[in-house]
Amino acid sequence: MVLPGTAVNQLEHLDEELETLRTSFDTSYAWRYGNVKEGLRDLYEKAKREQWNGTTQLKWDTDVDPEHGILPEQLNPLNGFAPYERLTAKEKDHLRHGQISLQLSQFLHGEQGALIVASQLVGAVPWIDAKYYAGTQTMDEARHVEVFARYIEKLDEIRPIAPSLKGILDTTLETGDWMKKLVGMQIVVEGLALYAFREMRNTTEEPLLKELLTYVARDESRHHAYGVQYIERCVPCLSDAARGELEDFALECARTLIDRNSQGFFTTLLQIWQEVGVDPVAMLTSLDKERHELVREVPRGKRLGPVQGFVIPTLRRCGLLSERVASHFHGFLRENFGSRVAGENVDEFLRILPDLPADTARWVMGEIQ
Ligand SMILES: [Fe+2]
Ligand SMILES: [Fe+2]
(Lines give C-alpha, C1' and ligand atoms only; values in the text may rest on other atoms or scores of the structure.)
(Ligands and ions follow the chains in the order given, each with its own letter.)
Protein backbone atom coordinates (compact mmCIF):
# COMPACT_ATOMS: atom_id res chain seq x y z
CA MET A 1 0.00 0.00 0.00
CA VAL A 2 1.41 3.37 -0.97
CA LEU A 3 1.01 5.99 1.70
CA PRO A 4 -0.25 9.45 0.82
CA GLY A 5 2.49 11.87 -0.02
CA THR A 6 5.14 9.30 -0.89
CA ALA A 7 8.41 11.01 -1.77
CA VAL A 8 9.24 10.72 -5.44
CA ASN A 9 12.52 8.95 -4.73
CA GLN A 10 10.31 6.03 -3.82
CA LEU A 11 8.87 5.89 -7.34
CA GLU A 12 11.03 2.85 -8.03
CA HIS A 13 9.41 1.20 -5.08
CA LEU A 14 6.05 1.87 -6.74
CA ASP A 15 7.36 0.17 -9.86
CA GLU A 16 8.13 -2.94 -7.90
CA GLU A 17 4.61 -2.97 -6.58
CA LEU A 18 3.13 -4.11 -9.84
CA GLU A 19 -0.57 -4.61 -9.75
CA THR A 20 -1.92 -7.20 -12.13
CA LEU A 21 -5.33 -7.21 -13.73
CA ARG A 22 -6.69 -10.21 -15.63
CA THR A 23 -8.18 -9.02 -18.92
CA SER A 24 -9.69 -10.82 -21.84
CA PHE A 25 -11.07 -9.44 -25.08
CA ASP A 26 -11.34 -10.51 -28.71
CA THR A 27 -8.38 -9.38 -30.77
CA SER A 28 -8.96 -8.92 -34.47
CA TYR A 29 -6.88 -8.84 -37.65
CA ALA A 30 -8.11 -6.40 -40.28
CA TRP A 31 -7.11 -7.90 -43.63
CA ARG A 32 -8.62 -5.19 -45.82
CA TYR A 33 -5.70 -2.75 -45.86
CA GLY A 34 -7.25 -0.62 -48.59
CA ASN A 35 -10.38 0.02 -46.56
CA VAL A 36 -9.84 3.76 -45.99
CA LYS A 37 -12.23 5.46 -43.53
CA GLU A 38 -11.86 9.12 -44.41
CA GLY A 39 -12.24 10.83 -41.03
CA LEU A 40 -10.11 8.28 -39.22
CA ARG A 41 -7.36 8.30 -41.85
CA ASP A 42 -7.20 12.11 -41.67
CA LEU A 43 -6.85 11.98 -37.90
CA TYR A 44 -4.07 9.42 -38.23
CA GLU A 45 -2.21 11.71 -40.66
CA LYS A 46 -2.73 14.62 -38.26
CA ALA A 47 -1.41 12.54 -35.36
CA LYS A 48 1.76 11.73 -37.31
CA ARG A 49 2.31 15.39 -38.20
CA GLU A 50 1.82 16.53 -34.61
CA GLN A 51 4.21 14.15 -32.84
CA TRP A 52 6.50 15.92 -30.38
CA ASN A 53 9.36 15.01 -28.09
CA GLY A 54 9.01 15.99 -24.45
CA THR A 55 12.69 15.38 -23.79
CA THR A 56 13.87 18.07 -26.18
CA GLN A 57 10.89 20.39 -26.53
CA LEU A 58 10.18 21.19 -22.89
CA LYS A 59 12.43 23.36 -20.73
CA TRP A 60 13.19 20.89 -17.98
CA ASP A 61 15.74 23.17 -16.32
CA THR A 62 12.89 25.49 -15.20
CA ASP A 63 12.81 25.87 -11.40
CA VAL A 64 9.46 24.80 -9.98
CA ASP A 65 8.35 25.68 -6.46
CA PRO A 66 5.58 23.26 -5.43
CA GLU A 67 4.43 25.62 -2.68
CA HIS A 68 4.09 28.81 -4.72
CA GLY A 69 3.21 30.00 -8.18
CA ILE A 70 1.83 26.89 -9.85
CA LEU A 71 -1.78 27.95 -9.47
CA PRO A 72 -2.73 31.59 -8.80
CA GLU A 73 -3.70 32.19 -5.19
CA GLN A 74 -6.75 34.24 -6.18
CA LEU A 75 -8.24 31.13 -7.83
CA ASN A 76 -7.80 29.00 -4.71
CA PRO A 77 -11.34 27.80 -3.90
CA LEU A 78 -10.52 27.91 -0.19
CA ASN A 79 -9.72 31.61 -0.21
CA GLY A 80 -11.78 33.60 2.25
CA PHE A 81 -12.95 30.59 4.29
CA ALA A 82 -12.40 31.06 7.99
CA PRO A 83 -10.84 27.60 8.61
CA TYR A 84 -8.41 28.21 5.75
CA GLU A 85 -7.61 31.78 6.67
CA ARG A 86 -6.73 30.70 10.20
CA LEU A 87 -3.83 28.57 8.89
CA THR A 88 -0.28 29.85 9.22
CA ALA A 89 1.64 30.73 6.04
CA LYS A 90 3.63 27.52 6.39
CA GLU A 91 0.46 25.40 6.68
CA LYS A 92 -0.99 27.09 3.60
CA ASP A 93 2.21 26.26 1.70
CA HIS A 94 1.91 22.63 2.76
CA LEU A 95 -1.71 22.55 1.66
CA ARG A 96 -0.91 24.03 -1.76
CA HIS A 97 1.90 21.51 -2.19
CA GLY A 98 -0.43 18.64 -1.26
CA GLN A 99 -3.22 19.80 -3.56
CA ILE A 100 -1.07 20.25 -6.64
CA SER A 101 0.66 16.91 -6.01
CA LEU A 102 -2.70 15.25 -5.62
CA GLN A 103 -4.04 16.67 -8.84
CA LEU A 104 -0.97 16.00 -10.97
CA SER A 105 -0.67 12.49 -9.52
CA GLN A 106 -4.19 11.80 -10.82
CA PHE A 107 -3.16 13.12 -14.24
CA LEU A 108 -0.11 10.84 -14.19
CA HIS A 109 -1.98 7.69 -13.12
CA GLY A 110 -4.83 8.47 -15.52
CA GLU A 111 -2.32 8.75 -18.36
CA GLN A 112 -0.92 5.35 -17.51
CA GLY A 113 -4.43 3.91 -17.65
CA ALA A 114 -4.92 5.62 -21.02
CA LEU A 115 -1.66 4.13 -22.31
CA ILE A 116 -2.74 0.60 -21.44
CA VAL A 117 -6.28 1.01 -22.81
CA ALA A 118 -4.97 2.58 -26.04
CA SER A 119 -2.68 -0.42 -26.54
CA GLN A 120 -5.67 -2.75 -26.04
CA LEU A 121 -7.60 -0.78 -28.65
CA VAL A 122 -4.97 -1.55 -31.30
CA GLY A 123 -5.92 -5.21 -31.03
CA ALA A 124 -9.58 -4.84 -30.23
CA VAL A 125 -10.94 -2.40 -32.83
CA PRO A 126 -12.03 -3.51 -36.28
CA TRP A 127 -10.86 -1.52 -39.40
CA ILE A 128 -7.22 -0.95 -40.22
CA ASP A 129 -7.52 2.85 -39.96
CA ALA A 130 -8.86 2.54 -36.42
CA LYS A 131 -5.86 0.37 -35.52
CA TYR A 132 -3.42 2.86 -37.10
CA TYR A 133 -4.93 5.63 -35.04
CA ALA A 134 -4.93 3.63 -31.80
CA GLY A 135 -1.23 2.98 -32.49
CA THR A 136 -0.51 6.72 -32.53
CA GLN A 137 -2.61 7.23 -29.44
CA THR A 138 -0.57 4.58 -27.64
CA MET A 139 2.58 6.55 -28.47
CA ASP A 140 0.92 9.81 -27.37
CA GLU A 141 -0.13 8.35 -24.02
CA ALA A 142 3.34 6.92 -23.40
CA ARG A 143 4.72 10.41 -23.92
CA HIS A 144 2.10 11.85 -21.57
CA VAL A 145 3.03 9.42 -18.80
CA GLU A 146 6.69 10.24 -19.39
CA VAL A 147 6.29 14.02 -19.14
CA PHE A 148 3.92 14.00 -16.14
CA ALA A 149 6.22 11.57 -14.29
CA ARG A 150 9.15 13.88 -14.98
CA TYR A 151 7.22 16.94 -13.88
CA ILE A 152 6.06 15.26 -10.66
CA GLU A 153 9.69 14.69 -9.72
CA LYS A 154 9.93 18.45 -9.39
CA LEU A 155 7.09 18.43 -6.85
CA ASP A 156 8.87 15.76 -4.84
CA GLU A 157 5.63 14.17 -3.80
CA ILE A 158 3.36 11.61 -5.39
CA ARG A 159 -0.06 10.45 -4.23
CA PRO A 160 -1.96 7.23 -5.00
CA ILE A 161 -4.67 7.05 -7.64
CA ALA A 162 -8.17 8.07 -6.48
CA PRO A 163 -10.33 4.93 -6.16
CA SER A 164 -13.03 6.40 -8.45
CA LEU A 165 -10.55 6.99 -11.30
CA LYS A 166 -9.01 3.56 -10.72
CA GLY A 167 -12.50 2.03 -10.88
CA ILE A 168 -13.23 3.54 -14.29
CA LEU A 169 -9.86 2.47 -15.66
CA ASP A 170 -10.25 -1.09 -14.33
CA THR A 171 -13.74 -1.42 -15.79
CA THR A 172 -12.56 -0.12 -19.17
CA LEU A 173 -9.55 -2.44 -19.20
CA GLU A 174 -11.55 -5.46 -18.08
CA THR A 175 -14.48 -5.24 -20.46
CA GLY A 176 -14.30 -7.63 -23.37
CA ASP A 177 -16.39 -5.31 -25.54
CA TRP A 178 -14.32 -2.97 -27.73
CA MET A 179 -17.17 -0.47 -28.04
CA LYS A 180 -17.28 -0.17 -24.25
CA LYS A 181 -13.51 0.33 -24.21
CA LEU A 182 -13.98 3.15 -26.70
CA VAL A 183 -16.77 4.76 -24.69
CA GLY A 184 -14.94 4.42 -21.35
CA MET A 185 -11.68 5.72 -22.76
CA GLN A 186 -12.44 8.15 -25.58
CA ILE A 187 -15.57 9.68 -24.10
CA VAL A 188 -15.37 9.44 -20.30
CA VAL A 189 -11.64 9.44 -19.49
CA GLU A 190 -10.65 11.74 -22.37
CA GLY A 191 -13.56 14.07 -21.57
CA LEU A 192 -12.46 14.30 -17.97
CA ALA A 193 -8.83 14.82 -18.98
CA LEU A 194 -9.62 17.50 -21.53
CA TYR A 195 -11.70 19.42 -19.06
CA ALA A 196 -9.12 19.24 -16.28
CA PHE A 197 -6.14 19.99 -18.53
CA ARG A 198 -7.91 22.99 -20.01
CA GLU A 199 -8.63 24.43 -16.58
CA MET A 200 -5.12 23.94 -15.32
CA ARG A 201 -3.41 25.03 -18.51
CA ASN A 202 -5.34 28.26 -18.64
CA THR A 203 -4.87 29.17 -14.98
CA THR A 204 -1.35 28.04 -14.13
CA GLU A 205 1.34 30.68 -13.95
CA GLU A 206 4.16 28.12 -14.02
CA PRO A 207 5.64 28.22 -17.55
CA LEU A 208 6.88 24.61 -17.77
CA LEU A 209 3.53 23.16 -16.69
CA LYS A 210 1.69 25.50 -19.05
CA GLU A 211 3.82 24.41 -21.98
CA LEU A 212 3.56 20.72 -21.06
CA LEU A 213 -0.24 20.95 -20.82
CA THR A 214 -0.41 22.80 -24.14
CA TYR A 215 1.23 19.89 -25.91
CA VAL A 216 -0.67 17.21 -23.99
CA ALA A 217 -4.09 18.87 -24.36
CA ARG A 218 -3.61 19.20 -28.12
CA ASP A 219 -3.10 15.43 -28.32
CA GLU A 220 -6.10 14.81 -26.09
CA SER A 221 -8.42 16.85 -28.26
CA ARG A 222 -7.41 14.60 -31.19
CA HIS A 223 -8.08 11.48 -29.08
CA HIS A 224 -11.53 12.77 -28.26
CA ALA A 225 -12.17 13.49 -31.96
CA TYR A 226 -11.22 9.89 -32.80
CA GLY A 227 -13.74 8.61 -30.26
CA VAL A 228 -16.52 10.84 -31.61
CA GLN A 229 -15.84 10.00 -35.26
CA TYR A 230 -15.58 6.29 -34.66
CA ILE A 231 -18.42 5.84 -32.19
CA GLU A 232 -20.96 8.00 -34.05
CA ARG A 233 -20.30 5.87 -37.13
CA CYS A 234 -20.82 2.59 -35.24
CA VAL A 235 -23.83 3.43 -33.05
CA PRO A 236 -26.46 3.41 -35.85
CA CYS A 237 -25.44 -0.19 -36.66
CA LEU A 238 -26.13 -1.45 -33.12
CA SER A 239 -29.25 -3.26 -31.96
CA ASP A 240 -31.41 -1.42 -29.41
CA ALA A 241 -30.21 -3.77 -26.70
CA ALA A 242 -26.52 -3.23 -27.51
CA ARG A 243 -26.98 0.54 -27.63
CA GLY A 244 -28.76 0.46 -24.26
CA GLU A 245 -25.86 -1.50 -22.76
CA LEU A 246 -23.35 1.04 -24.02
CA GLU A 247 -25.43 3.89 -22.62
CA ASP A 248 -25.55 2.20 -19.22
CA PHE A 249 -21.82 1.64 -19.29
CA ALA A 250 -21.18 5.35 -19.91
CA LEU A 251 -23.72 6.30 -17.25
CA GLU A 252 -22.02 4.17 -14.61
CA CYS A 253 -18.56 5.54 -15.43
CA ALA A 254 -19.80 9.13 -15.29
CA ARG A 255 -21.75 8.53 -12.09
CA THR A 256 -18.58 7.33 -10.36
CA LEU A 257 -16.92 10.61 -11.27
CA ILE A 258 -19.33 12.91 -9.51
CA ASP A 259 -20.93 10.82 -6.81
CA ARG A 260 -20.06 12.58 -3.60
CA ASN A 261 -20.23 9.30 -1.72
CA SER A 262 -17.76 7.51 -3.96
CA GLN A 263 -14.20 7.20 -2.80
CA GLY A 264 -12.85 9.81 -5.12
CA PHE A 265 -10.50 12.68 -5.42
CA PHE A 266 -12.48 14.45 -2.77
CA THR A 267 -11.72 11.89 -0.08
CA THR A 268 -8.00 12.41 -0.62
CA LEU A 269 -8.49 16.17 -0.54
CA LEU A 270 -10.11 15.81 2.88
CA GLN A 271 -7.10 13.80 3.96
CA ILE A 272 -4.77 16.66 2.94
CA TRP A 273 -6.87 19.15 4.89
CA GLN A 274 -6.60 16.93 7.90
CA GLU A 275 -2.82 16.70 7.50
CA VAL A 276 -2.54 20.46 7.93
CA GLY A 277 -5.05 20.55 10.75
CA VAL A 278 -8.10 21.87 8.88
CA ASP A 279 -11.32 20.38 10.21
CA PRO A 280 -12.96 18.80 7.12
CA VAL A 281 -16.47 19.20 8.53
CA ALA A 282 -16.06 22.94 9.13
CA MET A 283 -14.49 23.36 5.70
CA LEU A 284 -17.24 21.39 3.97
CA THR A 285 -19.98 23.41 5.66
CA SER A 286 -18.36 26.64 4.44
CA LEU A 287 -17.86 25.24 0.97
CA ASP A 288 -21.44 24.02 0.72
CA LYS A 289 -22.79 27.45 1.56
CA GLU A 290 -20.50 29.01 -0.99
CA ARG A 291 -21.53 26.49 -3.65
CA HIS A 292 -25.19 27.36 -3.27
CA GLU A 293 -24.36 31.00 -3.78
CA LEU A 294 -22.17 30.25 -6.73
CA VAL A 295 -24.81 28.08 -8.36
CA ARG A 296 -27.46 30.79 -7.97
CA GLU A 297 -25.41 33.03 -10.27
CA VAL A 298 -24.61 30.37 -12.85
CA PRO A 299 -25.81 31.27 -16.35
CA ARG A 300 -27.81 28.46 -17.88
CA GLY A 301 -25.92 26.26 -20.34
CA LYS A 302 -22.49 27.16 -18.99
CA ARG A 303 -20.06 24.22 -18.91
CA LEU A 304 -20.11 23.11 -15.31
CA GLY A 305 -17.65 20.33 -14.66
CA PRO A 306 -16.49 17.57 -16.97
CA VAL A 307 -19.60 15.40 -16.86
CA GLN A 308 -22.32 17.92 -17.72
CA GLY A 309 -19.95 20.20 -19.60
CA PHE A 310 -18.29 17.63 -21.79
CA VAL A 311 -19.01 13.91 -21.29
CA ILE A 312 -22.81 14.07 -21.67
CA PRO A 313 -22.64 16.44 -24.69
CA THR A 314 -20.25 13.94 -26.32
CA LEU A 315 -22.65 11.08 -25.64
CA ARG A 316 -25.46 13.09 -27.22
CA ARG A 317 -23.31 13.79 -30.27
CA CYS A 318 -22.53 10.06 -30.60
CA GLY A 319 -26.19 9.00 -30.38
CA LEU A 320 -25.83 7.54 -26.88
CA LEU A 321 -28.19 9.81 -24.94
CA SER A 322 -31.65 8.28 -25.16
CA GLU A 323 -34.46 9.74 -23.09
CA ARG A 324 -34.13 6.79 -20.73
CA VAL A 325 -30.49 7.41 -19.92
CA ALA A 326 -30.93 11.21 -19.97
CA SER A 327 -33.44 10.90 -17.13
CA HIS A 328 -30.88 8.93 -15.07
CA PHE A 329 -28.22 11.57 -15.77
CA HIS A 330 -30.63 14.32 -14.84
CA GLY A 331 -31.56 12.52 -11.61
CA PHE A 332 -28.06 12.17 -10.26
CA LEU A 333 -26.89 15.59 -11.44
CA ARG A 334 -29.84 17.19 -9.67
CA GLU A 335 -29.08 15.17 -6.56
CA ASN A 336 -25.48 16.36 -6.55
CA PHE A 337 -25.75 19.92 -7.85
CA GLY A 338 -29.40 20.93 -7.52
CA SER A 339 -31.98 21.82 -10.15
CA ARG A 340 -30.46 25.23 -10.86
CA VAL A 341 -27.59 23.38 -12.54
CA ALA A 342 -29.33 20.22 -13.76
CA GLY A 343 -32.73 21.67 -14.71
CA GLU A 344 -36.14 21.03 -13.13
CA ASN A 345 -36.92 18.07 -15.36
CA VAL A 346 -35.40 16.04 -18.20
CA ASP A 347 -36.73 18.37 -20.89
CA GLU A 348 -35.10 21.34 -19.27
CA PHE A 349 -31.93 19.36 -18.62
CA LEU A 350 -31.66 18.55 -22.33
CA ARG A 351 -32.51 22.12 -23.33
CA ILE A 352 -29.75 23.67 -21.21
CA LEU A 353 -27.15 20.98 -21.90
CA PRO A 354 -24.32 22.75 -23.77
CA ASP A 355 -23.28 21.52 -27.21
CA LEU A 356 -19.76 20.28 -27.75
CA PRO A 357 -17.41 23.16 -28.55
CA ALA A 358 -17.31 23.95 -32.27
CA ASP A 359 -13.56 23.32 -32.27
CA THR A 360 -12.30 21.24 -29.34
CA ALA A 361 -8.62 22.01 -30.01
CA ARG A 362 -9.33 25.76 -29.77
CA TRP A 363 -11.63 25.29 -26.78
CA VAL A 364 -8.98 23.43 -24.84
CA MET A 365 -6.57 26.34 -25.40
CA GLY A 366 -9.17 28.68 -23.91
CA GLU A 367 -9.71 30.48 -27.22
CA ILE A 368 -13.45 29.75 -27.33
CA GLN A 369 -16.07 28.83 -24.70
FE1 LIG B 1 -3.10 11.38 -22.50
FE1 LIG C 1 -5.62 10.63 -24.47
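Residues are numbered from 1 along each chain as its sequence is written, and chains are lettered from A, with ligands numbered from 1, in the order in which they are written. Because the model is predicted, local features need pLDDT of at least 70 and side-chain atom pairs count only at pLDDT 80 or more, whereas totals for chains, interfaces and linings use all residues.

The protein contains 17 helices and zero strands, where helices (H or I, at least four residues) and strands (E, at least two) are DSSP runs numbered from the N terminus. Of its 369 residues, 38% count as buried; a residue is buried if 20 or more other C-beta atoms lie within 10 Å of its own, exposed if 12 or fewer, and partly exposed in between, with C-beta atoms placed from the backbone. Among the contacts in the protein with a separation of 6 or more, 82% are accounted for by residues 24 or more positions apart, two residues being in contact if their C-beta atoms, placed from the backbone, lie within 7 Å.

The largest nonpolar core has 82 residues, and those with the most contacts inside it are Tyr133, Val183, Val188 and Ala250; such a core is a set of buried Ala, Val, Leu, Ile, Met, Phe, Trp, Tyr and Cys residues joined through C-beta atoms within 7 Å. Helix α8 (residues 178-203) supplies the largest share of this core, 14 residues. When neighbours within four places in sequence are left aside, Val188 is in contact with Ile168, Val183, Ala250, Cys253, Ala254 and Val311. A second, separate core consists of six residues, including Tyr84, Leu95, Leu102 and Ile272. In soluble globular proteins, nonpolar side chains tend to be buried together.

Two packed helices are described by the angle between their axes and the distance between the axes. Here, axes are lines fitted to C-alpha atoms, for helices over the stretch in contact, and angles run from 0 to 180 degrees between N-to-C directions. The axes of α8 and helix α10 (residues 240-258) come within 10 Å and cross at roughly 30°, and the crossing is right-handed; a crossing is left-handed if the near helix is turned anticlockwise from the far one by less than a right angle, and right-handed if clockwise. On the α8 side the contact involves Met179, Lys180, Val183, Gly184, Ile187, Val188 and Leu192, which meet Leu246, Phe249, Ala250, Cys253, Ala254 and Leu257 of α10. By class, this contact of α8 with α10 comprises eleven nonpolar, one polar and one charged residues, where Ala, Val, Leu, Ile, Met, Phe, Trp, Tyr, Cys and Pro count as nonpolar, Asp, Glu, Lys and Arg as charged, and the others, Gly among them, as polar.

Helix α8 also packs against helix α9 (residues 207-234), the two axes coming within 9 Å and crossing at roughly 150°. The two helices are therefore roughly antiparallel to each other, given that angles under 35 degrees count as roughly parallel, over 145 as roughly antiparallel, 65 to 115 as roughly perpendicular and the rest as oblique. The crossing of α8 and α9 is left-handed, and the residues of their contact divide into 15 nonpolar, seven polar and five charged.

Helix α2 (residues 38-49) and helix α6 (residues 128-155) have axes that come within 9 Å and cross at roughly 25°, which makes α2 roughly parallel to α6. This crossing is left-handed. The contact is formed by Leu40, Arg41, Leu43, Tyr44, Ala47 and Lys48 of α2 together with Asp129, Ala130, Tyr132, Tyr133 and Thr136 of α6, and by class it has seven nonpolar, one polar and three charged residues.

Most residues other than glycine have a negative phi. Trp127, in the loop between α5 (89-124) and α6, has a positive phi of about 80° although it is not a glycine, and Trp127 counts as partly exposed, with 18 C-beta neighbours inside 10 Å. Asp156, in the loop between α6 and α7 (163-174), likewise is not a glycine but has a positive phi of about 60°; Asp156 is partly exposed, with 14 other C-beta atoms within 10 Å.

The loop between α1 (11-16) and α2 includes Ser28, and Trp31 is also found there. The C-alpha atoms of Trp31 and Trp127 are separated by 8.5 Å, although these residues are 96 residues apart along the chain, and Trp31 is exposed, with 7 other C-beta atoms within 10 Å. Ser28 is partly exposed, with 13 C-beta neighbours inside 10 Å, and its C-alpha atom is separated by 10.0 Å from that of Ile128, 100 residues apart along the chain.
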